[in-house]
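Please look through the notes below with the coordinates open. They cover a surface patch, some ring contacts and a few backbone points.

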Amino acid sequence: MNPYTLTLLFFGLALGTSITLTSSHWLIAWMGLEINTLAIIPLMAQQHHPRAIEATTKYFLTQATAAATLLFASMTNAWLTGQWDIQLMTHPTPTTMIILALSLKIGLAPLHTWLPEVLQGLDLITGLVLSTWQKLAPFALLLQIPTANQELLIVLGLASTLVGGWGGLNQTQLRKILAYSSIAHLGWMIIVLQFAPSLTTLALITYLLMTSSMFLTLKFNSSTNINSLATSWAKAPLLTAAAPLLLLSLGGLPPMTGFLPKWLILQELTKQQLPTTAVIAALTALLSLYFYLRLSYAMTLTITPNNTAGLTPWRLPTTKVSFPLPTFTVTTILLLPLAPAIVTITTL
């Protein structure tokens with residue numbers, strides 16, 4: 001793609017997200033979401049491949065449905081209450097409709113079915129943008145909506161953690177596995193949204209770091225399925241040694257960074273007298289942990305049949321450069337000792 005066109009599209013992504021993040025009026029927020037959607041569609045379709053076009057079409061129809069529902073719900077709220085302000089949502093019906101519309105936008109279960117199929121049809125960099133940057137604007141709106149309907153958010157969160165863990169078990173395509181991983185992590189964020197928004201923000205930040213480092217690792221190794229992971233040790237031995245730690249961090253195991261948000265969320269659910277919810281969420285994390293361990297096994301303990309020339313590419317100078325990858329990898333693995341400082345900053 002032409003660099004000028006690419007710059008313009010990324011500027012559109014940044015502009016749409018910025019408009020939504022800074023708006024307090026539903027029409028302005030809706031306009032920011034639409035700019036965001038229109039900016040990413042050319043990025044998704046740039047491969048001119050049938051799978052990419054199919055993924056782009058599915059994404060466009062899904063986002064158009066969610067945007068229409070959101071606009072209808074905000075107009076209904078203005079008709080019933082006379083308010084367009086995001087933080088003054090008082091009527092339960094439009095509030096519920098808007099939560100469901102935003103859930104469809106980010107891919108929460110049971111409105112998740114588009115996300116694995118769309119992500120599978122994209123290249124890894126566009127998939128990274130879809131899995132990280134495109135979550136910011138809808139989450140900013142979810143954090144601003146005052147709602148007393150905590151049961152809806154808990155049901156959406158538990159369904160997402162269950163579907164995200166269960167759906168990824170039988171997958172061999174890495175992009176689909178990361179899509180189900182995304183659904184599971186979004187479920188953890190939604191469960192605690194109304195009780196402790198700062199924990200949702202912390203979980204979102206750690207999710208962005210972990211997912212970015214995993215996508216960049218797969219991009220560096222040019223891996224799109226589990227079998228191709230077996231060749232990664234011959235390309236980048238040090239990165240292959242760090243990759244299982246990234247996956248265990250995604251699974252939420254101590255002493256990696258991914259343990260921090262899950263630990264705090266379970267603690268908050270217990271404080272809110274929701275021990276059953278906390279137990280179910282913790283058990284669903286075991287499902288996700290299974291396919292993370294499966295990827296770790298394929299990457300580090302499986303050796304693909306190779307000839308002599310295929311065993312030594314790590315000895316040659318690499319032409320691939322990924323400056324954010326070391327930073328994201330280190331933060332994904334080693335931030336847990338800074339947990340008190342991180343919690344203090346996020347609760348200010």
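1. A residue is called exposed when its relative accessible area is over 50%. This model is predicted. L8 has a relative accessible area of 57%, so L8 is exposed. L8 belongs to helix α1, residues 3-22, and together with F11 and L15 makes a nonpolar surface patch of about 320 Å².

2. The count of aromatic pairs is three. One of them is F259 with W263: the ring centres are 5.8 Å apart and the planes meet at 5°, so this pair is stacked. Both residues sit in helix α13 (residues 259-271), four residues apart, about one turn of the helix. F259 is partly exposed at 24% relative accessibility, and W263 is partly exposed at 42%.

3. K262 places its charged end over the ring of W188, 5.3 Å from the ring centre.

4. Please check two cis peptide bonds. A109 and P110 are joined by a cis bond with omega about 5°; P110 is in the loop between α4 (92-106) and α5 (114-120). The bond from P254 to P255 is also cis, with omega near 5°, and P255 is in the loop between α12 (237-251) and α13.

5. Positive phi values deserve a look as well. H48, a residue other than glycine, has phi near 55°. H48 lies in the loop between α2 (26-44) and α3 (50-81) and is exposed, at 68% relative accessible area.

6. Q273, also not a glycine, has a positive phi near 60°. Its loop runs between α13 and α14 (275-300), and Q273 counts as exposed at 65% relative accessibility.

How values were computed: Residues numbered from 1 in each chain as written. Predicted model: local features only at pLDDT ≥ 70, side-chain atom pairs only at ≥ 80, totals over all residues. Heavy atoms only, no water. Patch = residues over 30% accessible without salt bridge, like charges linked within 9 Å, V, L, I, M, F, W, Y side chains within 5 Å. Areas by Shrake-Rupley, 256 points an atom, 1.4 Å probe, with all protein chains shown as cover. Salt bridge = Lys/Arg side-chain N within 4 Å of Asp/Glu carboxyl O. Helix = DSSP H or I, 4+ residues; strand = E, 2+ residues; numbered from the N terminus. Buried < 20%, exposed > 50% of the residue type's maximum accessible area, 1.4 Å probe, protein only. Phe/Tyr/Trp six-rings, centres within 6.5 Å; stacked < 30°, edge-to-face > 60°. Lys NZ or Arg CZ within 6 Å of the ring centre and 35° of its normal.
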